[in-house]
Protein chains: 4
Amino acid sequence: MKIGVLTSGGDCPGLNAVIRGAVLKGTEAYDMEFVGIRDGWKGLVEADFFPLTRRDVKGLSKVGGTILGTSRTNPYEGDRGGAENIAKTLYGHKLDGIIAIGGEGTLAAAQRLNNDGIPVLGVPKTIDNDLRATDYSFGFDTAVNIATDAMDRLRTTGDSHQRCMVAEVMGRHVGWIALHSGMAAGAHIICIPEVPLSLEEITEHVLAAAERGRAPLVVVAEGFKLKGQDEAYSDKGLDAFNRPRLGGISEVLAPLIEQATGIETRSTVLGHIQRGGAPSGFDRVLATRLGLHAADAVVDGAWGQMVAMQGTDIVRVPFTEALGELHTVPLARYEEAAALFG
Amino acid sequence: MKIGVLTSGGDCPGLNAVIRGAVLKGTEAYDMEFVGIRDGWKGLVEADFFPLTRRDVKGLSKVGGTILGTSRTNPYEGDRGGAENIAKTLYGHKLDGIIAIGGEGTLAAAQRLNNDGIPVLGVPKTIDNDLRATDYSFGFDTAVNIATDAMDRLRTTGDSHQRCMVAEVMGRHVGWIALHSGMAAGAHIICIPEVPLSLEEITEHVLAAAERGRAPLVVVAEGFKLKGQDEAYSDKGLDAFNRPRLGGISEVLAPLIEQATGIETRSTVLGHIQRGGAPSGFDRVLATRLGLHAADAVVDGAWGQMVAMQGTDIVRVPFTEALGELHTVPLARYEEAAALFG
Amino acid sequence: MKIGVLTSGGDCPGLNAVIRGAVLKGTEAYDMEFVGIRDGWKGLVEADFFPLTRRDVKGLSKVGGTILGTSRTNPYEGDRGGAENIAKTLYGHKLDGIIAIGGEGTLAAAQRLNNDGIPVLGVPKTIDNDLRATDYSFGFDTAVNIATDAMDRLRTTGDSHQRCMVAEVMGRHVGWIALHSGMAAGAHIICIPEVPLSLEEITEHVLAAAERGRAPLVVVAEGFKLKGQDEAYSDKGLDAFNRPRLGGISEVLAPLIEQATGIETRSTVLGHIQRGGAPSGFDRVLATRLGLHAADAVVDGAWGQMVAMQGTDIVRVPFTEALGELHTVPLARYEEAAALFG
Amino acid sequence: MKIGVLTSGGDCPGLNAVIRGAVLKGTEAYDMEFVGIRDGWKGLVEADFFPLTRRDVKGLSKVGGTILGTSRTNPYEGDRGGAENIAKTLYGHKLDGIIAIGGEGTLAAAQRLNNDGIPVLGVPKTIDNDLRATDYSFGFDTAVNIATDAMDRLRTTGDSHQRCMVAEVMGRHVGWIALHSGMAAGAHIICIPEVPLSLEEITEHVLAAAERGRAPLVVVAEGFKLKGQDEAYSDKGLDAFNRPRLGGISEVLAPLIEQATGIETRSTVLGHIQRGGAPSGFDRVLATRLGLHAADAVVDGAWGQMVAMQGTDIVRVPFTEALGELHTVPLARYEEAAALFG
């Protein structure tokens, strides 16, 4: 068998470990041949392929990023896109199928291609941990560690100055990174997209922490919105609200908290450092296992499915079950953490 | 309610996070009162208690070790030990029950005490991840990260000198740390207690790696034994075999590998650094959640059980189900990893 | 002798190690007594003192922040400020002098107080490394390590997407953190306050790196200004220029670079994480030594001086020599690094 | 000009950064050509060369180990060794000189070759920081950080069990790593080769720390010897003393301390993890600067010298001044640190 491998969407620690796992298992156990597809679906549409051998993946379990490159291209767009063109390309290059490593968007495209006759196997990749049908996705644990470590640092500065620190982490639609890193770092309030809070609900916890002599730590996911945020913006007439594009929600929240509590407040947007660099041990193991099982699944012809982690097992889940709805933080998990806010 | 908390057995990152979780949830949600019990069962037997308030647990989620102290005392030993004496002590101090945080031995004692009428709730603690009924135990992820990071360092030195590096990690009875850190670091062979190997089976992988131009990495759990190890020792007459007490199995293996392959070989015993210091994000979250749920379980009167992680949930498991047999590495997991040895 | 200790200005890893060093040496070797002064000069003006014993400083070498608290108050301001009032306070509390740990502003105030008859000894503290007469100041090495680690992460993401990454580090007036972290991380261009560059000079290096197949890394100190920045802003009419208050210079540069080169460009402001948390080994040693020598200097009556690092020695430097002009990056050091830009 | 580069002796973080610095400066600024010499002097004697271009050194500032390989071969040994043979090899390959990166032994060989007419420039490399004429050598700072981090972890375990922890670090002849990491980690006694101590002098500090309620931390360099160690061994008849080859001095000390104080004592030999892996920011900058200046020195024909760090400057020092006597810890520096032992 000859299989193409692509990575698509945003960067995520563990991508290279998946590639390595699939190539090692495929070449050694099944005598498969691999080609790398450059820059996600773009490389598939443009037939930008290169041989991917055991030698190419050596030492990759610890290397951040993806040796395949990535992009956010849609395989159905452009002159050369679409299932029919891609089928011809696969035929021309004697490719028996594709392993597509990516998030919700990538896997939705994979599902559509698979329905249109292109054999595609999915590997879930999301730094935000927003995919259903997998307990965790690789990259998430690394992001939580990086965010937690950053918050440990912010806290000592908060304590020294008796300041409120607002730390903004990734999570456009779901609050998993905020929930876990905030719990790990001892946040006094965690703000996630799933649970809108009013400014008063936030400052209540900020003030309570300050009254206990603590420097308040507010953790906020980038996708969090204040209750009635748009109205609030125009009512308060705060200049900050006219600048939503630059900077993040934490840069909006910090002056509001300072204004409401009288406590000096600083914000930090952790940004891209959360999604690059060497993966944690957990993510290397998870990503490697997903890669190993992807090779198995390909041999079994399990197209139209993705490999996923459930408990301590790697399982296969049809795209139809995995996609469509994001894996959000359940209210019970938020309330569990809220017991720590004090 | 008034509850005593103790930590028992070897050190483990996350102990303090469990204590903090239980105390915060118990005091804030349930108006419980806590006392710390010093140095494990020893403090229970000797009634060495101190008040444990919200203030005492502040900032603890990131702090390694245990503020309660720990020991390896058996609560049934000594003049003042045994269920009857302990029952009197609890009565005298108006304690309604005990949260015992510990491993197989600690929980076995907890089970026996509980059977003898002392209300005890367990929280599983094992750096080695050797307890059944919990997918992971806190401390394990931190140990894997420390070991993986150390192996990343050893590998560059192996590469520079074209040496074989043997890294010894914790795991007296089970090979989980070796399996995960070895997989994460790209080991060429992983040696665990569950899977005895002959020297030849090890050196085969060492030589194969060297032939591919790699510096071989051998990861070995402290409890690993060579097939027919005792016989081998006396046959070869190697001086190393007369020194089993000092140093670990890696210090036995390294000269054997060097002798058999002709490749310069060095061993490193990671030792105690694997079980101290700040917990990883994963372990902070897991330990905190276990603490939170321990307070819930106490309120529910779920004595004789332990809280545990299954999938992404925290559940309760009776001691009878949790104990008796260690959580070893299944052969399927070892074979999965073996696909990477090459 | 009875000595007050204060920390003033922004947070900096190593403050606690200085305090510990001074208290341990002073109490053990010289039988000195110490009082902590809360929140910098503010606590001195308000006589907000507390006993500072050996017990209070235990374990502090690795702890970020300052147990004394800090502020940016000027001791000459307010009703109770000024040398005369402070002299009365010292007399009333039987304090023989002050150890003031702080930066340019703090030490300038210390100098003025010393001239006005208050015995003050200085310890230089600046995350930016902008003080003359000391080769390095504690906190700087930690900041460089944090920034370097962050850039290592940004680079893998840059490589995966073939993006230009702009990393903004601290350094309002001097470019030391940018110079060292940029050199350590392999930056393709480093922008520091001491060396204004035009956008063209920056993009030339960005394009050269991209042509060699590298993902360009631009490191910029917060105080960097483009040549003729103000004019450029209005000429180009770029919306970004109307938002100088929110976000940093990197958020101005990134869209300009993207526009000029056609290469997708992302910015990250590292911000407060650079100045909090556990100090590096280097900073712990430097800060501890400064503390030890501060106690020696106090015993010798070396008021009006600061302790400083020169080569591997800790020396004493009169305030007059240490202050007045910032320690900027010499052109030769910038040109040395520029050889790497390619 | 065409220059060969070699690395010789033990692994050390920063070797690759030196190589990168020299090649980038040499090729870009001076149009020099480089060849890599494999495995130290061995590759020179065997003419094992390969082209070393800008492309080969990309991304190397953060990579541990050496892409050139290393060995402990003496260039004057073997049939093909000696200055005459090497001169012929250089002539045959049109090499104008050698940059030799190594420690005392390597540089002594470099000096001898240079005296025998082979143009050699030295770059000092020693993890132990035992070379004179350079304030610090690259690799040392990384080793101190690794050791300090490990000790931070050991301390929490010591505290939890009220144990004495003995941490053994590198330093066969000099105690710099022990001095700096011990100071950084708050050791209660530091044992270095330069200052022999009796067991009683050590246990005095161990007991004093325990009496203050601290878990004692003993830091020991591998080259430390007890006062009258050999006699003591035979007197006490301790089995441990018959096993000097396996394990380190800490494994000898730990049982002696436990026996003398009654405090449970554990030892950890940090070993090879101190000399591998990614260099710290400090070491990357130092190593890169040494590489840059090595290229300058070659162009200036400064053969028979080594580049070195003095204060914040990179200078040139003749081999005659740099070699012959090791850079030991001065008694004043030890006594400075001893003020912290308490």
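## Reading the model

Residues are numbered from 1 along each chain as its sequence is written, and chains are lettered from A in the order in which they are written. In this predicted model, local features need pLDDT of at least 70 and side-chain atom pairs count only at pLDDT 80 or more, while totals for chains, interfaces and linings use all residues.

The predictor gives the complex an ipTM of 0.95 and a pTM of 0.96. Over residues 239-246 of chain A, pLDDT stays under 50.

## Where the chains meet

Contact (heavy atoms within 4.5 Å) involves 41 residues from chain A and 41 residues from chain B. The buried area, meaning the accessible area (1.4 Å probe) that two parts lose on being put together, summed over both, is about 3500 Å², and carbon and sulfur atoms give 55% of this area. On the chain A side, Val285(A), Glu336(A) and Leu340(A) supply 14% of the area that chain A buries against chain B, more than any other three residues.

## Bridges between the chains

Four salt bridges link chain A and chain B; each is a side-chain nitrogen of Lys or Arg within 4 Å of a carboxyl oxygen of Asp or Glu. One of them joins Arg284(B) to Asp152(A), with the closest N and O atoms 2.8 Å apart.

Terms used. Heavy atoms only, no water. pLDDT = per-residue confidence, 0-100.
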